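Please look over the sequence and the model below. A short walk through the fold follows.

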Amino acid sequence: MSIDVERVSFSYGSHVVLRDLTFHIPDNTLVNVLGPNGVGKSTLFRCILCLNGNWTGSIRVNGHDLRALSVRDRAREIAYIPQSHAPVYNYEVIDVVLMSAGGNIGLFGTPKRCHLDRAWEALERVGIAHLGHRPYTQISGGEQQLVLIARAIAQDARTIIMDEPTSALDYGNTVRVLSCVRQLAREGMSIVQSTHQPDQAFLYSDKTLVIADGRVLAFGDPKDVITKELVSAIYGVDVEVNSLYGDKVRVCVPIREIER
């Protein structure tokens, strides 16, 4: 079921950003979205999340038309991890996760034991329960990103949208975050994340969605989609795509650097 996008278009005034996008993302799938800056990846995410309201077309998540749902019901279907996050208060990690675990708590209500248990279970699931009582602002960037993933899990949504989740992380934290995300997809969640690294799509994703000029340029298995011709077309860089470890891994190498 998961995400169905059909003939979606969006404009900022007279500037057209998305043009007639159509694709289907099934359950139990990790999708990497590729495309150069400014082609509409973040705008597409905001439309799926109904943060941009005046798009045309149809977007359904888990069989539900998100426009027809309340904000609370929408949160039960889909969670969002933005590209950047600037905490204002120095909450403990467990409290950051707990904020999303109690979506059914009223305005003046307090979390119950079941909400706290759900928050701890989410931290356990991403392997950072030992950080539960650490101040959120005093852990590393990679650990903070794992906390945000735990918060999305505690929200109990089946689908997670992630906007360039590893853009500010070092290599080790990038591997930890992407390994965690892939495991969540294996466990049944549907996850859509944007990236500028074709190699990440080869190694981690089940499907790759390529957007260029506001349109779907390609969608399918990363090994079929990401070719040297496609990388050259969308990024303007000539590359060779090389296979490693019995084709379990493929890497893009700039030809200009090889010839030096």
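The paragraphs below go through the sheets, the helices and a few single residues.

Keep in mind that this is a predicted model. Begin with strand β1, residues 3-12, and strand β2, residues 15-25. The two strands pair in the antiparallel sense, over seven bridges. Together β1 and β2 make a hairpin, with two residues between the strands. In the turn sits Gly13, whose phi is positive, at about 65°.

β1 has another partner. Strand β4, residues 56-61, runs antiparallel to β1, and five bridges join the two. Here Ser9 stands opposite Thr56 of β4. β4 in turn is joined to β5 by two bridges, again in the antiparallel sense. In that pairing, Asp65 of β5 is the bridge partner of Arg60.

How do these strands line up? They form an open sheet of four strands in the order β2-β1-β4-β5, with antiparallel pairing. β2 and β5 (64-65) are the edge strands, and each pairs on one side only. Helix α1, residues 41-48, packs on this sheet. α1 touches β1, β2 and β4, and its direction makes about 65° with that of β2.

Strands can also run side by side in the parallel sense. In general, strands of a sheet pair through backbone hydrogen bonds, either parallel or antiparallel. Look at strand β8, residues 190-194. Strand β3, residues 30-34, pairs with β8 in the parallel sense over four bridges. Within that pairing, Leu30 has Ile191 of β8 as its bridge partner. β7 also runs parallel to β8, and four bridges join them. There Met162 has Gln193 of β8 as its bridge partner.

How many residues of β8 are buried? Five of its five residues are, and the strand is mostly covered. In a regular strand the side chains alternate between the two faces of the sheet. In β8 both faces are covered. Ser190, Val192 and Ser194 are buried on one side, and Ile191 and Gln193 are buried on the other.

Is Thr159 buried or exposed? Thr159 is buried, because its relative accessible area is 0%, under the 20% limit for that class. Beyond its neighbours within four places in sequence, Thr159 is in contact with Ser2, Ile3, Val61, Asn62, Glu77, Ile78, Ala79 and Ser190.

Next come two helices that pack together. Two packed helices are described by the angle between their axes and the distance between the axes. For helix α3, residues 93-101, and helix α4, residues 113-125, the angle is about 120° and the axes lie 9 Å apart. The crossing of α3 past α4 is right-handed. On the α3 side, Val93, Ile94, Val97, Leu98 and Ala101 make the contact. On the α4 side, the contact is made by His115, Leu116, Arg118, Ala119, Trp120, Ala122 and Leu123. By class, that contact has 10 nonpolar residues, one polar and one charged.

α3 is mostly covered, with seven of its nine residues buried. They are Val93, Ile94, Val96, Val97, Leu98, Ser100 and Ala101. What covers these buried residues includes α4 and also α5 (141-154).

Helix α9, residues 228-235, has Leu230, Val231 and Ile234 as its buried residues. Seen down the helix axis, the buried residues of α9 fall within an arc of 100°, so they line one face of the helix. On the other side of α9, Glu229 and Ala233 are exposed. The buried residues pack against several elements, including α7 (198-204), β9 (207-212) and β10 (215-220). Just after α9 comes Gly236, with a positive phi of about 70°.

Finally, two residues have a positive phi without being glycine. Cys50 has a phi of about 65° and sits in the loop between α1 and β4. Tyr245 has a phi near 55° and sits in the loop between β11 and β12. Tyr245 counts as exposed, at 69% relative accessibility.

Definitions and conventions: Residues are numbered from 1 along each chain as its sequence is written. This is a predicted model: local features need pLDDT of at least 70, side-chain atom pairs count only at pLDDT 80 or more; totals for chains, interfaces and linings use all residues. Side-chain values use heavy atoms; hydrogens and water are left out. Two strands pair if DSSP finds at least two bridges between them. Contact means heavy atoms within 4.5 Å. Axes are lines fitted to C-alpha atoms, for helices over the stretch in contact, and angles run from 0 to 180 degrees between N-to-C directions. A crossing is left-handed if the near helix is turned anticlockwise from the far one by less than a right angle, and right-handed if clockwise. Ala, Val, Leu, Ile, Met, Phe, Trp, Tyr, Cys and Pro count as nonpolar, Asp, Glu, Lys and Arg as charged, and the others, Gly among them, as polar. Buried means under 20% relative accessible area, exposed over 50%, partly exposed in between (1.4 Å probe, protein chains only). The arc is that of the directions from the helix axis to the C-beta atoms.
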